[in-house]
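Q: Could we go through this model together? I would like to discuss its secondary structure and its charged pairs.

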Amino acid sequence: MTTSARALRTLVVQVTRKYSSTADKVHYKVVVAGGGAGGCAVAARVSRALGPGNVAVIEPAKYHYYQPLWTLVGAGIKTVAQTARPMKDVLPKKCDHHTEAVAEFDPENNSVTLGNGKKLSYDYLVVALGIQIDLNKVEGLIDALDNDPLVGSIYLPDTAEKTFSALQKFKGGDAVFTFPNTPIKCAGAPQKIMYLADEFWRKQGVRDKAEINYFTSLGKMFGVEKYAASLREIVKRKNIKVNFRTSLKAVDHIKKTVTIELLDSESGEVQTHDYDFLHVAPPMSAPDPLKNAPPTFVDSAGFLDVNQLTMQHKTYPNVFGLGDGSNIPTAKTAAAVGAQNKILFNSLQQVMKGVTPNGQYDGYTACPLVVSYHTCIMAEFDFSCEPLETFPVNQAKARRSMYYMKKNVFPEIYWNLLLKGHWSGNKVFRKALHLGMSK
Ligand code: FAD
């Protein structure tokens, strides 16, 4: 055999091994379910520590999105394409990538079953499936999103750009924004898009022909009083009518009405409200494979049941979880994942060494509340809803600097540091900027 034929044969064998290994392999030291913000960050750290062939990521999506920018997509500031990268370019190269979704968890037997019936077993499992969007829980919503050009939602890539097109088409009348009666990721986003819409319509000269109604299941503008106080001023100044303790039940895009449930009414009273423009933050819930998992695996709502300090599972010591799909009692954000991923990694390493995890996650989470096309209130807080601010300024004040952090700096941190397993949260900067005197 000639040298070139031998080289070609070696190459074919290597390529065949590389591709058949992912397809054939059924056991991994670590399996990571979900390759979003949390899954990707943890997979990067773990695969760097363990090397190739030891870590699998199960992730069916073709694209990885930087979801926090979808709010700006809805306002025409960014495009969806600017928030997306092919999943294969984002997931760590040292991991095997399985592209079938997780269908079932079997923690008693240390295995997961994929959508094609294949089982993967593991020594350690990390669950990072995010939260599921349940459009079907609002009667008529899918139909309205598909057929009414003035109905949008920044919560899905397909409808985020449509939201901006709807903003442009609105020429006055009733504008309705909703916040669902379920857990939700980035609980600030339903009102951020409303403030951007208000400003957009002012610039277009249609705001004085419009009434804006915000229907929210919550009893206040925001969970942290310091920021809620600023937001109350903003809705007052913008002349937005806030309807607390209400929830969207149905949309009729032919009649252009929404049905709103009054949550504090004992008789389950509903009201009908006209709309000319509608933005919906849809109901959300734990992903189906978690809801259908054994009750020892999840809490009563179906979220992965983990220790909030260490991210280790409460029943299965070789299982860990983070992010929106877990029951860590803090606001579900990428910023929270930024702090959680390193703590989870430390816990996993401790368990591998036979040591009890001693992590102390403080619940750090952040919500950059964009309140105009150039300003933002930077809400940062902990488990007890106490502010935990990075910068030595009053972050309840809407600032230009914070808007540029949100629009320009955070995406860079996300793609270049968090997803590559090099971001452990803001604590070190917070401490430095407060001369060591912050928590
Ligand atoms: P995700 O990043 O959602 O990843 C979950 C992954 O699991 C996905 O890739 C999905 O494809 C995969 N998956 C799902 N089901 C399965 C299955 N059965 N098998 C295998 N894989 C599966 N955060 C901020 O910090 N700041 C903000 O300003 C902000 N704004 C936001 C605005 C909007 C409109 C939205 C939608 C989100 C916003 N967020 C914000 C929230 C942030 O994007 C999420 O909290 C973060 O992405 C959570 O990370 P995660 O890994 O838990 O879930």
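Predicted model: local features only at pLDDT ≥ 70, side-chain atom pairs only at ≥ 80, totals over all residues.

A: Residues are numbered from 1 along each chain as its sequence is written, and side-chain values use heavy atoms, with hydrogens and water left out.

Q: Where is Gln191 found?
A: Gln191 lies in helix H7, residues 189-204. Helices (H or I, at least four residues) and strands (E, at least two) are DSSP runs, numbered from the N terminus.

Q: Is Gln191 buried or exposed?
A: Gln191 is buried, because its relative accessibility is 1%. Buried means under 20% relative accessible area, exposed over 50%, and partly exposed in between, with a 1.4 Å probe and protein chains only.

Q: And what does Gln191 touch?
A: Leaving aside residues up to four places away in sequence, Gln191 touches Tyr214, Met221, Phe222 and Leu231; contact means heavy atoms within 4.5 Å.

Q: Which strands does E12 pair with?
A: E12 runs parallel to strand E11 (residues 173-179), joined by seven bridges, and pairs in the parallel sense with strand E13 (residues 240-243) over four bridges. Pairing requires that DSSP finds at least two bridges between two strands.

Q: How enclosed is E12?
A: Six of the seven residues of E12 (residues 210-216) are buried, so the strand is largely enclosed by the rest of the structure.

Q: Changing topic: how many salt bridges are there?
A: The count is 15, where a salt bridge is a side-chain nitrogen of Lys or Arg within 4 Å of a carboxyl oxygen of Asp or Glu.

Q: What about Arg202?
A: Arg202 forms a salt bridge with Asp198, with the closest N and O atoms 2.9 Å apart. The two are separated by about one helical turn, because they are four residues apart in helix H7. Arg202 is partly exposed at 43% relative accessible area, whereas Asp198 is buried at 0%.

Q: Which pair links distant parts of the chain?
A: Asp264 and Arg245 meet in a salt bridge of 3.1 Å, N to O. Asp264 is in the loop between strand E15 (257-262) and strand E16 (270-274), and Arg245 is in the loop between E13 and strand E14 (246-252), 19 residues apart.
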